[in-house]
Amino acid sequence: MAFVQFSQVSLAFGDRDILKNVTINLQTGSKVALTGANGTGKSTLIKVLAGLIKPDSGSRAIQKDTRIAYLPQSGLTHQGCTLIEEADKAFEFGYEIQRQIDQIGEQLAKNEGNTKALLERHADLIQKLEDSGWHRRQAVAESVLLGLGFSRADFTKKTEEFSGGWQMRIALAKTLMQNPDFLLLDEPTNYLDIEARDWLESFLQNYSGGFLLVSHDRYFLDVTINEVYELFGGDLKRYPGNFTHYEKVREVELQTLIAAYEQQQQEINKLEDFITRFGYKATKAAQAQEYQKKLDKMVRIEIPESLKKIHFSFPPAPHAGRLVYRMSGICKSYDNQHKVLDNLELTLENGQRLVVAGRNGAGKSTLLRIIAGEDRNFEGQVIPGAGVKIGYFSQDNAETIKGSQTILEYLESVAPLELIPKLRDMLGAFLFRGDDVYKSLDVLSGGEKSRIALLQLLLSPVNLLVLDEPTNHLDIHSKDVLLSALKDFGGTVVFVSHDRGFIQQLATQVLHLEPGIFKYYPGNYEYYLEQVQKEEETESASPVFVQQKQGAQAKTGDGKNTTGACAYENQKRLEAERRKKEKEIARLENEIADLEAKKAELETKMADPAVYSNGEKAKAVQRQIQEIAEKIDQVTEKWMEISE
């Protein structure tokens with residue numbers, strides 16, 4: 001069994017301790033998440049594990065011939081060969097073993113060296129090569145590349161033709177193809193859509209080696225890992241179980257610490273207030289100095305950012321009517337041949353949270369740009385509702401943020417007055433903490449500017465939010481803060497996201513896109529997944545469905561296309577039926593509760609000696625109980641029928 005073990009490892013940058021006597025043990029089958037607030041040193045620890053950074057002290061023990069593959073967060077590019085040729089470089093370890101096998105074969109042929117030792121080494125290398133999957137490398141490469149979203153047509157493309165996000169997919173693919181004993185993955189889901197994440201989840205669930213990864217996707221972590229290491233204040237602590245279990249245990253564990261933190265914060269505020277008020281008064285100066293010394297010597301209690309409860313609300317959404325936005329007959333093509341959107345029909349009602357789903361290239365971002373008014377080069381009609389004010393976010397928004405202002409100055413200049421006192425907390429929720437708020441806009445990275453652009457949008461009084469990948473560049477805590485605010489938002493939300501947990505908690509309807517095809521699902525994301533699975537199971541048996549998948553369109557007698565109109569009418573009918581059933585279910589639940597209460601009241605009455613000692617009275621009460629019990633059964637049966 002392969003293993004990697006670090007004992008009492010310490011590392012400091014200047015006067016800051018990144019790792020303090022850290023111990024970690026990875027072995028075959030380890031499925032580990034590394035967590036901690038941004039800036040705590042997670043990426044540094046992974047580089048130490050990978051052998052890229054040497055610690056100041058401690059020991060590192062690795063079993064002989066153990067192979068480790070490391071994927072950084074970003075920054076990898078590839079050029080000079082085709083995608084499939086680049087993928088083949090992942091199997092260099094196998095080519096090296098084959099060279100050794102060939103070399104030993106030549107020695108044996110020439111009768112050089114210790115024959116027995118050479119034969120044993122030769123057999124070991126052949127077995128090692130077989131176990132690595134090297135002989136199946138072409139099939140492995142195709143499987144991994146297709147799983148991560150590349151098409152067969154991409155295989156012959158030059159690697160320099162791929163964008164930054166796809167460059168990191170190439171790097172991830174090569175890391176996985178190596179089939180090492182241990183995978184060290186730093187934010188592997190950053191550039192993946194939902195389909196590619198699903199594939200990676202399955203890959204890791206079935207991976208025979210061990211892995212340690214960092215991710216801000218709670219759902220992804222929950223379905224792939226079985227232990228969590230938290231890095232906090234330089235210390236590393238292990239928690240068995242999935243990520244949700246870790247969060248529950250950690251929160252309970254730190255209740256005492258949180259109470260102590262809050263008490264200390266009160267004392268700090270009291271001391272600072274005294275120093276500010278009386279520091280320059282002669283009669284109080286000595287006492288103020290003592291208080292200052294006490295503050296300077298105080299060991300500040302810290303708690304993880306994920307446990308600092310930060311909540312903010314949007315400015316009140318301007319009033320809008322029931323119908324917020326209508327799209328009719330929308331067609332969009334970039335080459336005048338292949339339609340990304342074809343006769344798309346969509347109606348948005350006030351309060352909906354619509355997620356637009358589909359593979360990369362299906363037209364999700366295109367649709368959002370049209371709704372936001374950023375793209376006007378299309379066919380069809382868009383009709384915003386009365387009083388609708390749209391707020392739009394995409395990664396491109398970051399390009400507009402520039403200048404010499406600090407982050408805090410910039411946001412203070414655009415925030416409503418009532419939100420200015422909350423800006424520091426809101427910036428903290430979006431990963432700008434401490435002195436970060438005084439950074440100049442011109443020195444910010446693309447990810448930092450995207451977070452500023454998102455926060456700026458959330459400060460604006462709008463009633464239709466159009467959000468394209470709002471969770472990119474956010475950690476789990478920041479996503480939770482954003483999710484809470486969006487749930488409380490008084491308007492309508494249309495969004496695209498690759499974070500399944502975020503979608504599951506926010507979406508109330510789903511619009512699925514494929515190139516030239518759209519389908520509306522009037523339910524949450526779980527409902528959408530269930531329906532898609534049913535459709536896939538019946539697709540081959542349904543000629544009508546196959547015809548729709550091939551792009552065929554319904555025609556009326558005069559040849560006019562009615563697909564969009566039918567879809568819209570069907571959407572409205574299903575919505576009406578769903579609302580009607582929900583009301584009926586609620587009514588039946590109330591009726592059952594009332595009947596149960598009456599039954600309980602009669603049963604209590606039955607226990608009264610004045611009743612059970614009187615035969616006539618007892619029979620009458622018992623008869624009433626029986627009648628109510630039968631009624632409860634009838635109503636419950638009806639409730640179950642409608643619920644199903």
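## The cap on helix H9

Asn242 caps the N-terminal end of H9, with one of its side-chain oxygens 3.4 Å from the backbone nitrogen of Thr244. Helices here are DSSP runs of H or I with at least four residues, strands are E runs of at least two, and both are numbered from the N terminus. This is a predicted model, where local features need pLDDT of at least 70, side-chain atom pairs count only at pLDDT 80 or more, and totals for chains, interfaces and linings use all residues. Residues are numbered from 1 along each chain as its sequence is written, and side-chain values use heavy atoms, with hydrogens and water left out.

## The two sides of H9

Which residues of H9 are buried? In this helix, residues 243-253, they are Phe243, Tyr246 and Arg250; buried means under 20% relative accessible area, exposed over 50%, and partly exposed in between, with a 1.4 Å probe and protein chains only. These three span an arc of only 50 degrees around the axis, so they sit on the same side of H9. The arc is taken from the directions that run from the helix axis to the C-beta atoms. Lys248 and Val252, on the other side of H9, are exposed.

As for what covers the buried residues of H9, the list includes strands S3 (31-35), S8 (227-232) and S9 (235-240), plus helices H8 (218-224) and H16 (476-488).

## Arg500, a buried arginine

Arg500 belongs to helix H17, residues 500-506. It counts as buried because its relative accessibility is 12%. The side chain of Arg500 makes a polar contact of 2.9 Å with that of Tyr219. A polar contact is a pair of N or O atoms within 3.5 Å; within protein, one must be able to donate a hydrogen and the other to accept it, and residues adjacent in sequence count only if both atoms are side-chain atoms.

Setting aside neighbours within four places in sequence, Arg500 is in contact with Ile194, Asp198, Asp217, Tyr219, Tyr525 and Leu529, where contact means heavy atoms within 4.5 Å.

## A three-stranded sheet

Three strands make an open antiparallel sheet in the order S2-S1-S4. Strands pair if DSSP finds at least two bridges between them. S2 (16-27) and S4 (57-62) are at the edges with a single partner strand each, so one side of each has no neighbour in the sheet. From one strand to the next, the twist averages 15 degrees.

S1 (residues 3-13) pairs with S4 over five bridges, in the antiparallel sense, and Val4 has Ile62 as its bridge partner in S4. Helix H1 (residues 42-49) packs on the sheet, where it touches S1, S2 and S4, and its direction makes about 130 degrees with that of S1. Axes are lines fitted to C-alpha atoms, for helices over the stretch in contact, and angles run from 0 to 180 degrees between N-to-C directions.

Asn21 lies in strand S2, and its phi is near 50 degrees, a positive value in a residue other than glycine. Its relative accessible area is 48%, so Asn21 is partly exposed.

Asn111 is in the loop between helices H3 (92-109) and H4 (115-132). Its phi, near 60 degrees, is again positive in a residue other than glycine, and Asn111 counts as exposed because its relative accessibility is 63%.

## The whole chain

The chain's secondary structure comes to 22 helices and 18 strands. Of its 644 residues, 44% count as buried.
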